[in-house]
Structure formats: C-alpha cells, structure tokens
Amino acid sequence: MEQNTTEIRVSAILIKAGYCILPIWLGLATIAGFFAEGYDPIASHVSVMTLSPGTAHMIANLAALGAGTALIMFGIGIWQLSGRALSVGALGWVIFGVSMLANGIWPMGGPMHGLYIIGIFNIIAPALSLLEIRDGDMRKRMLNITAFVSFSSILYLWIALNGFDPDGYQGLTQRLFGSINYLWPLVFAHQYFKRTR
C-alpha cells in the first residue's frame, strides 16, 4: 500500500509539470524577443533567435529546454496514471519533450533542431492520452479540450504544409497554435488536481 501511495505522489509531482510548459515556453520566448535586435515576434518563429549568438539565443534555448523537460516529466506522469505497460499517448508527450530539448541544443536550420521533426508526435499525444487514462470522469472533463487541441494541431500542420501560413505572420501563428497545444497539459493538470482535491 505504501508503494502505491508513493507512486501516486510521484505521479502528482510529474503531472504538476503540465502547469509549467506553456508559461515557460511562451514567457521565455517573449522575453528573448526583447533582447533580439531586429527580431519581429509576429513574423518570425522563436527558433530564429537561435541563429545569432547573444542573450536572445540563450533565453530562447532556455525556453525550449525548460518546456522540453516539463513535457517529458508530464508524459511520464501520464504514463503512470494510465497504468499501462506502454502508453502511446504519454510516449507522444515524451517524444515531443525530447524534440524540444533538441531545439534548445541545436540551432535552427539543421536536422538535429527538433530531431528530424519528431515533435510531430505532439499531434496524437492529447487524444491517445485521453483514451489511455483509466479515470472515466477525467475523460469526460477533458473531452472538449482534447477535441479542440487535436483539431488545432492538425489544422496548423495542414496550413504549414500547404504554404497557407500567412507571410509576415508565421511567428504569430506558431505562438498561437503552440500555446493551444501546450494548453492540454495545463488543463489536464488543473482538472486532475481539481478532481483529487
């Protein structure tokens, strides 16, 4: 019984990482923009700041490293909550976290930045995580936000692949759709602790 209680505590700590992902990524990326000379956050992706040395580069790297670490922790927490030997949804969050760590290590332009686009697994992470969670009440609480986040992720991928991302607004769309994706762990953590209170 003690081990079970310990596992629940560890899961709770890991799920709390879901609160941090969006503020770390969006907050630090915004701060980095103030230190990047000539950088336009509406027109340019956050990763553009990794192309020039300096404070902006360092803060943009910290945004990716911090968000990546929190994503991995959150994914492990989801994995524990699922009670499954292999939780594909949780694995999606972990893989996305690893790709974010790569964004914080390697500058934009090379294949190692994002590890060959492996972060695309973030598209399936919310829906599969929801399917694999044993708690039926949590499934009901998360259904609408999961549908919204999943649809938004597919929409953004479709926009990007077809060149429909409006010229001069790629930074804005990245922040908008990135924030929507990072919203799922935040809402999940909120609902989880609301439910367990």
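This is a predicted model: local features need pLDDT of at least 70, side-chain atom pairs count only at pLDDT 80 or more; totals for chains, interfaces and linings use all residues.

Trainee: Is Asn103 buried or exposed?

Mentor: For that you look at relative accessible area, where under 20% is called buried. Asn103 has 15%, so it counts as buried. You'll find Asn103 in helix H4, which covers residues 88–105.

Trainee: Which residues is Asn103 in contact with, beyond its neighbours within four places in sequence?

Mentor: Those are Thr50, Asn61, Ala64, His113 and Gly114. With His113 there's also a polar contact of 3.4 Å between the two side chains.

Trainee: Now helix H6. How many residues does H6 have, and how far does it reach?

Mentor: H6 runs over residues 136–161, so count 26 residues by the DSSP run. From first C-alpha to last, H6 reaches 36 Å, close to the 38 Å expected at 1.5 Å a residue.

Trainee: Where does H6 bend?

Mentor: Go to Met142: H6 bends there by about 50 degrees. Met142 is also one of the buried residues of H6, a set including Ile145, Val149 and Tyr156.

Trainee: What do the buried residues of H6 pack against?

Mentor: Two other helices: H5 (125–132) and H7 (170–196).

Trainee: And which residue caps the N-terminal end of H6?

Mentor: Asp135 does, with a side-chain oxygen 2.9 Å from the backbone nitrogen of Asp137. Just after H6, look for Gly163, which takes a positive phi of about 75 degrees.

Methods:
Residues are numbered from 1 along each chain as its sequence is written. Side-chain values use heavy atoms; hydrogens and water are left out. Helices (H or I, at least four residues) and strands (E, at least two) are DSSP runs, numbered from the N terminus. Buried means under 20% relative accessible area, exposed over 50%, partly exposed in between (1.4 Å probe, protein chains only). Contact means heavy atoms within 4.5 Å. A polar contact is a pair of N or O atoms within 3.5 Å; within protein, one must be able to donate a hydrogen and the other to accept it, and residues adjacent in sequence count only if both atoms are side-chain atoms. The expected span of a helix is 1.5 Å times one less than its number of residues. The bend at a residue is the angle between axes fitted to the seven residues ending there and the seven starting there.
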